[in-house]
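Please describe the fold of this protein, together with its surface and its charged pairs. The report below takes up these topics in turn.

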Amino acid sequence: MQLRTTLRAYQANPIYQREQGRWGEPNPYFSRINRNAPLIVLLVIVLGVCCGSNTFSSFFGVSDLAGGLLALACLPNVLVQMITWAGIILAPTLTAPAVVDEVKRGSWDFLRLTPFSTGQVLTAKLLGGLSRLKIWIPLLVLNGIQAVVGLAAAAALAAGGSVTGALLSLAGIVLLIARPWIEIAFAALVGLLLSSITRSTRGALAGSYAVVLLVKMVNSSIFWLPLGLTAVVLPELESSLLGLVAGGPTLIYVAMLIAVLIALRVQAGRLEQGLAPVDVV
């Protein structure tokens, strides 16, 4: 109930409504990238197929009911990966200009005179910008499908007497569902953080994409593959290592997301004190 009340309060916030495009000038960078929508769609399809297919490939050759259900739960991951890539590509264009453009226009000082704290201003800009993405309902639907099939797989494992396997499958489904939301949130928050630090919109955008894509590349399943190969050599550690390969990237994203939130809170305090961003070309 408290969460719903808070969200409604932000939806009534004029800063939120401005970022959403209900009044004032829309975000020009988001509008520009939307002009290349066909190219972006093609890109996310290719990236989604490449990144999503390796998730359920590990279940090939599993003949039991639980294994088949787990593979089925991962099939929607191709579409989820497409949506995730769309969010990763579009989110920085919504958040990276959020503060730096206000500073350049001289309107940031007016926002500081409003009854909202700097943290509330940044949160309203974040939520208002992300509300322009048309990916949330499809993502929720796909997550629902994954959850239902994942629960069925856990039930099949539990019925077969494998309580540990059932718990691991539940943990795997939770991590599978949570990861796209965390990745998109990370991309958006990195853009907002850099926007509050720099005086260059292009610098904030370039820095956001550099950080987000670097983390995506380094923290991908490919770089966790050696642990999976080790599981083949050391069968006694198979469950633990495969669990780490499946959940490790998500846990790393959670840690980095917390770090960005802490940095953003510190930067909000600096902006509250009137400390100017630094010059970044």
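## Overall architecture

Read along the sequence, the protein chain follows the pattern α-α-α-α-α-α-α-α-α-α-α-α-α-α, with 14 helices and zero strands; helices (H or I, at least four residues) and strands (E, at least two) are DSSP runs, numbered from the N terminus. This is a predicted model, in which local features need pLDDT of at least 70 and side-chain atom pairs count only at pLDDT 80 or more, while totals for chains, interfaces and linings use all residues. Residues are numbered from 1 along each chain as its sequence is written, and side-chain values use heavy atoms, with hydrogens and water left out.

Of the 281 residues of the protein chain, 44% count as buried, where buried means under 20% relative accessible area, exposed over 50%, and partly exposed in between (1.4 Å probe, protein chains only). Among contacts (heavy atoms within 4.5 Å) with a separation of 6 or more in the protein chain, 81% are between residues 24 or more positions apart.

## Helix α6

Helix α6 (residues 77-95) has 19 residues and reaches 26 Å from its first C-alpha to its last, close to the 27 Å expected at 1.5 Å a residue, the expected span being 1.5 Å times one less than the number of residues. In α6 a kink of about 25° lies at I89, shortly before the proline P92; the bend at a residue is the angle between axes fitted to the seven residues ending there and the seven starting there. The helix is mostly covered, with 18 of its 19 residues buried.

## Salt bridges

A search of the whole structure finds seven salt bridges, each a side-chain nitrogen of Lys or Arg within 4 Å of a carboxyl oxygen of Asp or Glu. E102 forms a salt bridge with R18, the closest N and O atoms being 2.8 Å apart. This pair links distant parts of the chain, with E102 in helix α7 (residues 100-105) and R18 in helix α2 (residues 14-20), 84 residues apart. E102 counts as buried, at 1% relative accessibility, and a network of salt bridges links R18, E19, E102, R105 and K125.

Within helix α11, R179 and E183 are four residues apart and therefore separated by about one helical turn; their salt bridge has its closest N and O atoms 2.7 Å apart. R179 counts as buried at 14% relative accessibility, and E183 is buried with a relative accessible area of 1%.
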